[in-house]
Amino acid sequence: MRIESPLGLGSIGEREDFRQQERWEDHEGMENGWRRGIPSLPVSISGIILVACIAIYLLSLVAPSFVYGYLALNPAYLWQRPWTLVTYMFVHASFDHLFWNMLFLFFFGIELERRVGEKTFLLIFLLSGIVAALVQIFVFPSILVGASGALYGVMGCLAIIAPEIRVLIFFVIPLSIRAAIILFALVEFLSFGAADNIAHMAHFVGLLVGLTFGYAMRKQPKYNYNI
């Protein structure tokens with residue numbers, strides 16, 4: 001799955017830290033969490049995902065049959081290889097596919113993780129990617145690779161909990177993040193079934209999952225997503 005439009009993260013207003021709200025985190029913030037023993041290392045879940053995607057891409061250059069055979073999501077082998085519902089998000093088809101997804105992750109993934117904490121971010125990322133893949137292969141069966149569905153979920157959640165964020169479409173055109181996701185959703189919807197080798201349905205569904213998370217965080221103060 002590809003992200004075709006380069007994005008930049010523009011001005012960010014005051015950050016609302018959902019980790020400090022009782023409904024989300026009972027533990028200390030991410031800066032005092034599982035990496036307390038190594039405070040000098042800038043490690044985060046989004047950073048780990050980024051490194052893992054790069055590592056798997058490099059592995060695909062030397063062992064493509066393994067990566068695309070056992071880590072990509074092939075609907076024909078889903079029952080035999082259920083782990084591919086997760087691992088497909090870390091596999092990318094080309095350098096530009098990897099580059100734009102990791103740029104997207106760098107801008108939006110890190111920002112969402114700072115606001116909601118590691119566990120909630122990971123849940124949003126994984127659930128968006130899994131649901132996006134299941135709907136995609138049910139409606140348009142095909143082999144899936146890429147983190148785009150999960151990343152659209154990240155952006156959808158940010159659009160609800162951080163509407164002050166602005167993005168630069170093609171690094172030039174400024175839009176609010178909510179206006180941007182409306183534009184993206186329209187493009188993906190109109191592209192359903194297009195013969196362009198892009199999983200538009202997965203993008204659209206991932207975005208819906210992220211929006212659902214965002215609305216839940218705003219509207220259901222006692223609900224807890226922690227895993």
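The model is a predicted one, and the protein has 227 residues, of which 49% count as buried. Its secondary structure comes to 8 helices and 3 strands.

**The overall layout**

- Reading from the N terminus, the elements go β-α-α-α-α-α-α-β-β-α-α.
- Take the contacts between residues at least 6 apart in sequence: 74% of them join residues at least 24 apart.

**Helices α5 and α6**

- Two packed helices are described by the angle between their axes and the distance between the axes.
- Helix α5 covers residues 118–139 and helix α6 covers residues 148–161. Their axes come within 7 Å and cross at roughly 130°.
- On the α5 side, the contact is made by F121, I124, F125, S128, G129 and A132. The α6 side brings in G149, A150, L151, G153, V154 and C157.
- Sort the residues of this α5 and α6 contact by class and you get 8 nonpolar, 4 polar and no charged ones.

**Helices α4 and α6**

- Helix α6 also packs against α4, at an angle of about 40° and with the axes 9 Å apart.
- The crossing of α4 and α6 is left-handed.
- From α4, the residues that meet α6 are H97, N101, F104, L105, F108, G109, E111, L112, R115 and V116. Their partners in α6 are S148, L151, V154, M155, C157, L158 and I161.
- By class, the contact of α4 with α6 splits into 11 nonpolar, 4 polar and 2 charged residues.

**The nonpolar core**

- The largest nonpolar core holds 62 residues. The ones that touch the most other members are I49, L73, F108, L112, F121, F125 and M155.
- Which elements give two or more residues to this core? They are α1 (45–62), α4 (95–116), α5, α6, α7 (177–190) and α8 (200–219).
- Helix α6 gives the most to this core, with 10 residues.

**Two residues to look up**

- F125 is found in helix α5.
- Is F125 buried or exposed? F125 has a relative accessibility of 1%, so this residue counts as buried, because buried means under 20%.
- Leaving out residues up to four places away in sequence, F125 touches I49, M89, A147, A150, L151 and V154.
- F125 and S46 are 79 residues apart in sequence, while their C-alpha atoms are 9.3 Å apart in space.
- V116 lies in helix α4 and is one of the α4 residues that meet α6.
- V116 counts as buried too, because its relative accessibility is 0%.
- V116 and L158 are 42 residues apart along the chain, and their C-alpha atoms are separated by 9.8 Å. L158 is one of the α6 residues in the contact with α4.

Notes:
Residues are numbered from 1 along each chain as its sequence is written. This is a predicted model: local features need pLDDT of at least 70, side-chain atom pairs count only at pLDDT 80 or more; totals for chains, interfaces and linings use all residues. Side-chain values use heavy atoms; hydrogens and water are left out. Axes are lines fitted to C-alpha atoms, for helices over the stretch in contact, and angles run from 0 to 180 degrees between N-to-C directions. Helices (H or I, at least four residues) and strands (E, at least two) are DSSP runs, numbered from the N terminus. Contact means heavy atoms within 4.5 Å. Ala, Val, Leu, Ile, Met, Phe, Trp, Tyr, Cys and Pro count as nonpolar, Asp, Glu, Lys and Arg as charged, and the others, Gly among them, as polar. A nonpolar core is a set of buried Ala, Val, Leu, Ile, Met, Phe, Trp, Tyr and Cys residues joined through side-chain atoms within 4.5 Å. Buried means under 20% relative accessible area, exposed over 50%, partly exposed in between (1.4 Å probe, protein chains only). A crossing is left-handed if the near helix is turned anticlockwise from the far one by less than a right angle, and right-handed if clockwise.
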